[in-house]
Amino acid sequence: RIMNVEQKKIDALNIELTLNISAEDYAPAKKKRFANYKRKADFKGFRKGMVPASLIERVYGEQILAEAVNEVISESLNSFIKDNNLNIIGEPLSSESQPAVEWKDGNAFTFLFDIALTPEFELEVAASDEIPSYTVTIAAEDKQPMIESYKKYYEEQKSKDENAEVKTDEEIDSEVSERLNAQYKDEADWKLNKDIRDYLVSKAGFEVPEAFLKRWLLAVNGDKITQEDLEKEFPGFIKDYKWQLVRNFLMKKFDLKIENKDITDAAEAFVRYNYAMYGLPDVPAEILAEQVNGILHDQKQLERILEQVEDQKVIAKVKETVTLKPREISAADFRNL
């Protein structure tokens, strides 16, 4: 049953809960835990399970009491959140204004918790939404540094081996143009995806409980992150977190599904990309299968793959729905965007 729980609305996204727990509330949990301790207690001079209750109470009483009260707290918070259909961020945090606790059997206890709510928002995506899609034009001055580098490379190869391949200026120019066009196409695609994410988050126009999120991140990461690290990385975290909320919203809105094949294909692409980075474009089938299997059985890597697949599906659907406005832009201007 829910104990005496009072809620105080701090703002649209933050609630403070006060749990008033009486001795009657935690007595059943304490009795059960006490019996368990007594059954397992192993004291010199006593047979197992025959240790006097007074000795158990003296040695373990405060620990048993704290465990019983914490059990009641957990059940009360979970029931309150479920019964009130609260979509919370992270988990409840002990309030910074929590009063001191005297762990004494028979006492009534008061505990304060802060809860943050996931923001609710609506977002329509339509053809009236216009997002620029850039095509980068390569000028002669953009190619010149790479052309010089290629010429130097081929000259050095020729000086080492007179049978080395020789390329004409036209062939080098064509090779450089092809490489730069591919490079800028990838960069333009990356920018379009980023612009889509930024546009949709901005259009959704919601805020998140930043102060709570900072406290929660410090709490769940323990010694892994300092306050200084958090302050530095927090703007990026907030940006990613807002996009995650928008992405989840659009997955449901567009009724997008993730199939097993989507996950396997993404894992294979990841493995192939990693091998290609080391100059190994062709991965043997048995190695590919082994690496993919490893990713699919690693919770962290699997979650990362799932996020990538969701990103791809949502962005692809958005590109079909909005109006992409083609724009030609010079390489110099593109770099300054």
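**Figure 1. Salt bridge between K261 and D265 in a predicted model.** K261 and D265 are joined by a salt bridge, with 2.7 Å between the closest N and O atoms. A salt bridge here is a side-chain nitrogen of Lys or Arg within 4 Å of a carboxyl oxygen of Asp or Glu. Both residues belong to helix 7, 4 residues apart, about one turn of the helix. Helices (H or I, at least four residues) and strands (E, at least two) are DSSP runs, numbered from the N terminus. K261 counts as exposed because its relative accessibility is 56%, while D265 is partly exposed at 34%. Buried means under 20% relative accessible area, exposed over 50%, and partly exposed in between (1.4 Å probe, protein chains only). In this predicted model, local features need pLDDT of at least 70 and side-chain atom pairs count only at pLDDT 80 or more, whereas totals for chains, interfaces and linings use all residues. Residues are numbered from 1 along each chain as its sequence is written, and side-chain values use heavy atoms, with hydrogens and water left out.

**Figure 2. Salt bridge between D105 and K30.** The N to O distance between these side chains is 3.6 Å. D105 sits in the loop between strand 3 and strand 4 and K30 in helix 1 (residues 23-40), so the pair ties together parts that are 75 residues apart in sequence. K30 is buried, its relative accessible area being 10%, and D105 is partly exposed at 42% relative accessibility. The whole structure contains 24 salt bridges.

**Figure 3. Salt bridge between D198 and K239.** The two side chains meet at 4.0 Å, N to O. D198 is in helix 4 and K239 in helix 6, so this pair ties together parts that are 41 residues apart in sequence. Both are partly exposed: D198 has a relative accessible area of 28% and K239 one of 46%.

**Figure 4. The largest pocket.** This pocket holds about 700 Å³ of space. Its lining has 19 residues, of which D240, Y241, Q244, R247 and E307 are the closest to the centre. Two or more lining residues come from each of helix 4 (169-204), helix 5 (210-221), helix 6 (227-253) and helix 9 (299-321). Helix 6 gives the most, with 8 residues. By class, the lining has 11 charged, 5 nonpolar and 3 polar residues. A pocket is an open set of points on a 1 Å grid over the protein atoms alone, where a 1.4 Å probe fits, with protein on both sides within 12 Å along at least five of seven lines; lining residues have an atom within 4 Å of a point. Grid points are joined across faces, edges and corners, and the volume is the space filled by probe spheres set on the points. Ala, Val, Leu, Ile, Met, Phe, Trp, Tyr, Cys and Pro count as nonpolar, Asp, Glu, Lys and Arg as charged, and the others, Gly among them, as polar.

**Figure 5. The second largest pocket.** About 360 Å³ of space lies here. The lining residues are W190, N193, R197, A266, A269, F270, Y273, Q308, D311, Q312 and I315. The lining divides into 6 nonpolar, 3 polar and 2 charged residues.

**Figure 6. Nonpolar surface patch with Y273, M277, Y278 and L280.** Together these residues have about 540 Å² of accessible area. L280 lies in the loop between helix 7 (260-277) and helix 8 (285-296) and is partly exposed, at 45% relative accessibility. Patch residues have over 30% relative accessible area and no salt bridge; nonpolar side chains (Val, Leu, Ile, Met, Phe, Trp, Tyr) are joined within 5 Å, and like charges within 9 Å. Accessible areas come from the Shrake-Rupley method with a 1.4 Å probe; for residues, only the protein chains shown count as cover.

**Figure 7. Positive phi at N85 and D255.** N85 is not a glycine, yet its phi is about 50°. N85 is in the loop between helix 2 (53-83) and strand 3 (93-94) and is exposed, with 69% relative accessibility. D255 has a phi near 55° and lies in the loop between helix 6 and helix 7.

**Figure 8. F109 and N20.** F109 belongs to strand 4 (residues 109-116) and is buried, at 4% relative accessibility.
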